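Keep the picture open beside you as you read.

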Amino acid sequence: MLERKVLGKLEEVVGPQGLLVRPEHVLVYECDGTTAFKSPPEAVVLPRSTEDVSRVVRICADAKIPFVGRGAGTGLSGGAIPSEGGVVVAMNRMNRILSVDPINRTARVETGIVNLEISRGVAEHGLFFAPDPSSQSSCTVGGNIAENAGGPHCFKYGATTAHILSLTVVLPNGEIVDLGERRETVGYDLVGLFIGSEGTFGIATAADVRLLPLPEAVKTCLATFPSMVEACEAVSDIVALGIIPAAVEMMDRATIEVVEAGASAGGFPKDAEAVLLVEFDGAPAGLDRLEKEVDGICRRRGAVAFVAARDAREREKLWKGRKAAFGAMGRLSTDLYVQDGVVPRTRLPEVLAKVDEIGRKHGIRVANVFHAGDGNLHPCISYDGRDESEKQRVLAAGKEILELCVSVGGAITGEHGVGTEKSNYMSLSFSESDLDLMRSIREVWNPDGLCNPGKVFPTRQGCGEAGLPSMVSGGGAWI
Amino acid sequence: MTRGSVRSLLAEANARPPTASDPDIDGMKPSLVLEPGSAEAAAATLSFCHREGLAVVPCGGTTRLHVGNLPSRLDCYLRSIHLSGVVSYQPGDLTVSVEAGTPFRELQSALAEGKQFIPWDPAAADRATVGGLLAAGEPGMRRAPGARPRDLLLGFHALLADGTAVAAGGRVVKNVSGYELTKLLVGSRGTLAFLTRVHLRVRPLPETTLTVAASFDDPKRLAADLSSLRAAVAPPEVVAVLDPAVVASLSLAGWVLLLRFEGIAEEASGDWRKAEGLLRADEVTRLEGPEADEVWRRLRDFPSPASGSEGECVVLGQTLPSDAMRLAATWQSQGPVVAYPEAGRIYTKTHEPEGYFHLLETALDLSGNAILESGPQALKSQVDVFGETPRGFGLMSKIKEKMDPKNILSPGRFVGRL
C-alpha cells in the first residue's frame, strides 16, 4: 500500500479527479493487450502537463516507488504492466496537437494523443503521420515511441523511429529534458536511442513528429492463392520488380474465416488458403501499370483471383478487415497468444511450414496474419487459459516458433516489443555482453531502476536458458 | 604482458609507424597505425590499448578524419581496412551483411549485381568504408528519411573500448528486440565503439532518374519557387541549390536549383512535369547521361577540404528547411554556397578564419547551427567545431563515460569535446 502521505502529494499534483486508487478503478490498468500478465497498480495518476509528470515522477523517485508510463494499453508484450506496488502514469489527458508546421511538415504533439488523431488533425494540410499499427485508432503516439511501433505501411515508410524528430522526456529522477531538434543536429542520437526503450528510460511527454504528404493516389489489390507457399513466392517476385510497395500483407485461411465471421469482415474469399493484400501509392499513371504487373506476377504464381479496390470505401473495408484480425480471434477462444517473430523474407515459405508443424506437434491451431513484405510473422494461437495443460502447450509452441525465427537469422520481435512476455527470450538473440551493454545504457537513464522495472531483460534465473514466461491463469484475449 | 606477447599482438594487428600517406589530425600524427586482419585481432589490440591507456582513433578510409575537435590525446589509429568484404547478400531479403572496412564503392558494385544499392553518395567512395560512413553519419547529399545511415543500419558487431565484442539489432529489416543501439553508434564518430561488421537494408535501383537544372538571377525567386514545389510535389530524391560562384565551373549560370527525381518512370516524369509547370526560372535544362553524372559528381565532392587551400574553413550549416535559403543567401557574401534545403544543410567555405564566427552567429539567429568541418588548427583550438552544445548533452556525457570510462576512444574529438 502506498503511504497516505505519498497519495496526498500525488493528489496535490493531479487533483482528486486525476488520481485513481480504488481497486475497481485501477483494475483496467493491471495489464495491457497481453492480458496473460497482470499486476494491478497501487495508484493511477492522470497528469495534464509535462510539469505534472515531472512532479509525479519526483514523488515516486523520492519514495522509491516504481512507476510506468502508459498510453492506451494496447501493447502486445506486457510492456506497460506496473510492477508490484507501482504507480501508473496514464498519459491520456495529454492528447493535444500543440502546433502544426505545414511548411516543414512537422507537428508538435502531446504523447497521449491517439495515433490516428494526428493524421486527422493535419489532413487539411494534405499531410499524414505514417506509423500505422493495427491499433492506430486507439493506441497513443507515446506508446508507439516506447515500442518503436510499426504497422503494415512501415515496409515503405519505416517504423516510428523514422517519424519522430524531437522529444520532451521526463527522466526517472523527474528532470525534464528536450532531446533532438526539428532540424538536423549533432551529438549522439538520443531520440533514436529513446524510441523503442519500452518505457525504461523515462516518460516522453511531447514530441515533434515528421509528417508526409498524402500520396496522390493509392492502389490496393487483393490476390487469392491456393497455398501460402505460392503467395510467399509472389511476394518475392513483387519485391524483385524493383519497387517498394506501401504494404504487403498476408492472411491464411484460418484468419480469413475468423475475420469474415466478425463485425469487421473485409470481404475476403472464405475458401482461399491465403490472400495477399498489396498496396502501392504514388502517381496514378504509374499505379495502373504496377497493378497490371502485380496481377501478372500473382497469376503466374498460381493466384486464382486478383482484384483492385475500386474506391476508397472498398480499400478501407479491406484494411478494416486486416486490422481487425487480432480482435476477431476473440471468437475462437478465451485467450489469444500473438507472436511477433521476424525472419528474412526469403525464408518465409519454409518457416511457415515449420510453424504449422510445431502447432500440430503441440496439438494447437495457429492462424497466420502478417506483414509479408517485412517477414514479420504474427502467428496467432487461440487457447483456453483456464486449461493449464493447453496453456503450457501454447507457451512451449511459442518458444519453439521464436527459436525457429532466430535460427534462420531472424529476431524475436519486429514491432510489439520485448516487454514482460519475451524478456526471457532475449538470450536467444543476444550474448551476456550484448545484454550487459544494454543494461549499462539503461543505468545512464534510469540508475535506480524505478522506471518500468522487470522489462526487456531476462530474469537472472531465466538467463541463458530462455525459460518460458510466467503467465497468470484465465487471461482473456490478447488483442 | 611479456615483451614477446606484446610483439606478437602488434604483429597480429599489422602495427606500423605512420607514413606520409597517413593523414594527420590537425597536425598530430599517432605513434602507431594498427590494421588488424580480423575482428579477433582487433579485439586483442583494443584490449591491449585499453589496459595501457592508449588513445585510439578508430578509422576506415580516413576520408572524414578531419572532422572533429582537436584530439586531447592521440596514440594509435585503429583502421578497419583489412576487415573487408561482403559477408552475405540475399537480394530477396533487401539486406546485406558486410565487414565494416569494406570500401563503399565495392559494396555498391556487389549490390548492383542484384539491381540494388545503398542510397548514399559519399565523396571518395573508393576509399570511404561502410563502417566509417556509419560512424561519421555522413552519407553525402542524399538525406531523405528512409535513406539515411540511421534508417539503413539494421544491426552491428562492434568492439567496446576494452575490446569486448558486442552485437545489437539484427539482420532483418524490422526488429525491436533490445535497445536501438544502432542509432547510438551512427554518427558517434568512433567515440563509443569500433564497428567490425554491419547489417544494412538495401533498396532496389530506381527504374528512372531525372536530373533538372533551373537557373535564376534572383535567389529570392528561387526560394519562392522552392516553397511552391514543396507544397505541390512529393519531395524529390535530392534538392540542391548552387550559388553562381559554384555553378560557374559547371557551365551553368546564375543561382541553380538542381532536382533529382527517382522512381518508377511515370512517377518521376509526372513529378517533373508538375515541377516544370511551377518553376518561374530563367532557364530550365534537363540534364542527361554523362552531363548529369558529372554535375552530381562535382556536387558530391563539394566542399572537399582536399580541393581547398591551406587555411580554408569548410562550414556546414543546419537549419529547418524553411530557413535554409535565408541562411544560404546570408552566407553567400562570405564564400561559395551549396545548400540542400530539404535537409536543412548549407555548405560554404571561407578563407577568413574569423568568418566562422559570423557564420555561426547567423545560423544561431535562425535557431540553426554551424559546424566547422575543417579549418586552421589555431581556429579549431578556440572553438567547439560542432557549434552549439546539443540538447541532452548531459546524457551524452554519461553515455560516453559509461561506454568508455578510460576515455581512450577518440578522446576530446566529439561534440562538447567528449
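This is a predicted model: local features need pLDDT of at least 70, side-chain atom pairs count only at pLDDT 80 or more; totals for chains, interfaces and linings use all residues.

One of the residues to look for is V57(B), whose bridge partner in β3(B) is Y77(B).

Now widen the view to the whole sheet. It is an open sheet of three strands in chain B, with parallel pairing and the order β1-β3-β2. At the edges you will find β1 (32–34) and β2 (56–59) of chain B, each of which pairs on one side only. From one strand to the next, the twist averages 20 degrees.

Next, find helix α2 of chain B, made up of residues 39–52, which packs on this sheet. The helix touches β1, β2 and β3 of chain B, and its direction makes about 160 degrees with that of β3(B).

Finally, turn to the place where the chains meet. Here 71 residues of chain A are in contact with 64 residues of chain B. Which element gives the most to chain A's side of this meeting place? That is α16(A), with eight residues. Other elements giving two or more residues there include β9 (176–180), α8 (228–240) and α10 (284–300) of chain A. Sorted by class, this side of chain A has 31 nonpolar, 26 polar and 14 charged residues.

Definitions and conventions: Residues are numbered from 1 along each chain as its sequence is written. Chains are lettered from A and ligands numbered from 1 in the order in which they are written. Two strands pair if DSSP finds at least two bridges between them. Helices (H or I, at least four residues) and strands (E, at least two) are DSSP runs, numbered from the N terminus. Axes are lines fitted to C-alpha atoms, for helices over the stretch in contact, and angles run from 0 to 180 degrees between N-to-C directions. Two residues are in contact if their C-beta atoms, placed from the backbone, lie within 7 Å. Ala, Val, Leu, Ile, Met, Phe, Trp, Tyr, Cys and Pro count as nonpolar, Asp, Glu, Lys and Arg as charged, and the others, Gly among them, as polar.
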